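My notes follow in the order I looked things up.

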Amino acid sequence: METAQGHKEEEPTDGDMQKLIQPASLKDPNFEKLKETLVQWINSTLKPEHIVVQSLEEDLYDGLVLHHLLSRLAGVHVSVEEIAVSSTAQIHKLEVILEELDKRLGQEDAGGLKWNVKLIHNKDLLATIHLLVAMVKRFQPELELPPDVKVEVVVVEVSGRGIKSSTEVEVLTEDRLACSDSPGSTQKEDPIDQLLKLEAHKVNTVKQAILHFINQKVSNLGLHVVDMDTQFADGVILLLLIGQLEGFFIPLHDFILTPCQSSERLHNMTLAFDLLHDTGLHVASISPQDIVSQDITATLKILYALFRKHRGK
């Protein structure tokens with residue numbers, strides 16, 4: 001039968017239950033924004049693999065995208081076909097991948113109830129989004145998803161007595177304000193914005209900790225950072241730091257080692273931002289030009305994000 005989600009579903013069998021998103025919810029701006037954010041996140045994460053997703057409904061069912069996400073985000077490499085053509089091969093691939101993902105997502109995500117191999121392979125949009133949201137929360141918690149996204153679904157249950165249907169509201173992302181009101185949590189705000197509201201000596205203490213961390217990482221390159229507010233503006237030290245932290249070499253011909261002009265500094269910084277995105281590190285509301293312009297807050301946000309990701313490694 002044709003569902004509200006716009007694709008063919010298998011006919012329900014005895015004991016089966018299906019959840020179908022209502023057409024009105026499919027057009028809800030918050031729901032559309034969540035889909036868009038997840039697509040952008042996947043494409044940013046898998047940019048090094050040259051994988052581009054256009055539709056959550058059509059591009060994840062065969063396991064290829066989930067296979068690469070599992071590898072990039074969790075460092076897990078499973079022995080499955082790169083491209084599974086037959087339905088049998090796709091289902092086997094999904095079984096292996098979801099088993100590994102469910103281990104890392106934890107039982108609290110109720111994966112068995114929200115997604116499974118059959119649902120993902122049948123291009124079930126609701127299950128696919130539940131899985132991706134759980135992956136973002138586990139592997140990319142700093143990525144901000146649209147809050148309080150809910151959809152109305154029709155629940156169809158088949159039994160020996162016939163087919164029974166009901167409607168209910170399914171929560172896809174939590175209400176940010178409700179989370180901030182819960183015990184032990186604080187209002188959602190960038191930690192650097194919070195830091196800069198404190199006394200100057202407290203801000204300086206944090207900056208010195210980050211500075212010490214940076215110098216530990218770049219000392220073997222013969223570098224020493226004294227003033228993080230200005231020394232990162234040309235992008236050179238930031239590029240070398242990213243290479244040290246992520247464990248890869250950036251060819252010298254890819255960037256300008258002694259930039260003199262603003263355009264050269266911007267070239268270096270844009271490359272640095274591309275590398276950060278490729279490694280899954282996203283810092284909202286900051287552009288390469290902000291760092292080149294020696295915006296102290298923007299520079300501190302980038303360096304703090306690297307510090308938080310790599311400290312203790």
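**Entry 1: a helix pair.** I began with α2 and α4, which pack at an angle of about 65 degrees with their axes 10 Å apart. Axes here are lines fitted to C-alpha atoms, for helices over the stretch in contact, and the angle runs from 0 to 180 degrees between N-to-C directions. Helices are DSSP runs of H or I with at least four residues, strands are runs of E with at least two, and both are numbered from the N terminus. The crossing of α2 and α4 is left-handed, a term for the near helix being turned anticlockwise from the far one by less than a right angle (clockwise is right-handed). I then listed the residues that meet: W41, I42 and T45 from α2, against V65, L69, R72 and L73 from α4. Contact means heavy atoms within 4.5 Å.

**Entry 2: ground rules.** This is a predicted model, in which local features need pLDDT of at least 70 and side-chain atom pairs count only at pLDDT 80 or more, while totals for chains, interfaces and linings use all residues. Residues are numbered from 1 along each chain as its sequence is written, and side-chain values use heavy atoms, with hydrogens and water left out.

**Entry 3: overall counts.** I noted 16 helices and 3 strands in the protein chain. Of its 313 residues, 44% are buried. Buried means under 20% relative accessible area, exposed over 50%, and partly exposed in between, with a 1.4 Å probe and protein chains only. Among contacts with a separation of 6 or more, 58% join residues 24 or more positions apart.

**Entry 4: the cores.** Which residues have the most contacts inside the largest nonpolar core? They are I42 and M135, in a core of 46 residues. A nonpolar core is a set of buried Ala, Val, Leu, Ile, Met, Phe, Trp, Tyr and Cys residues joined through side-chain atoms within 4.5 Å. The elements that give two or more residues to this core are α2, α4, α5 (87–105), α7, α8 and β2. Of these, α8 gives the most, with 11 residues. A second, separate core has 36 residues, including L211, L241, L245 and F307.

I went back to I42 and set aside its neighbours within four places in sequence; what remains in contact is V53, L56, L60, V65, L69 and L132. T37 is also in α2. T37 counts as buried because its relative accessible area is 10%. Beyond four places in sequence, T37 touches E144, L145 and P146.

Entry 5: Helix α14 (residues 262–278) has 17 residues, which should span 24 Å at 1.5 Å a residue, and its end C-alpha atoms are 24 Å apart, in agreement. The expected span is 1.5 Å times one less than the number of residues. Its buried residues are N268, M269, L271, A272, F273, L275, L276 and D278. What covers them includes α2 (29–45), α4 (64–74), α13 (236–246), α15 (288–292) and α16 (296–310). After α14 comes G280, with a positive phi near 85 degrees.

Helix α11 (residues 200–218) has 19 residues and reaches 27 Å from first C-alpha to last, close to the 27 Å expected. I listed V203, K207, I210, L211, F213, I214, N215 and V218 as its buried residues. An α-helix has 3.6 residues a turn, so residues three or four places apart point the same way.

**Entry 6: positive phi.** Most residues other than glycine have a negative phi. K123 has a positive one near 60 degrees and lies in the loop between α7 (117–121) and α8 (125–139). D148 has a positive phi of about 55 degrees, although it is not a glycine. I found D148 in the loop between α8 and β2 (150–159), partly exposed at a relative accessible area of 31%.

**Entry 7: confidence.** Average pLDDT, the predictor's confidence in each residue from 0 to 100, is 83 for the protein chain, and 85% of the residues score at least 70. Where is confidence lowest? It is lowest in helix α9 (residues 176–181), at a mean of 49, and highest in α13, at 94. Residues 1–10 have pLDDT below 50, yet this stretch has 34 contacts in the model beyond near neighbours in sequence. Over residues 107–111 pLDDT stays under 50, and the model has 3 contacts for them beyond four places in sequence.
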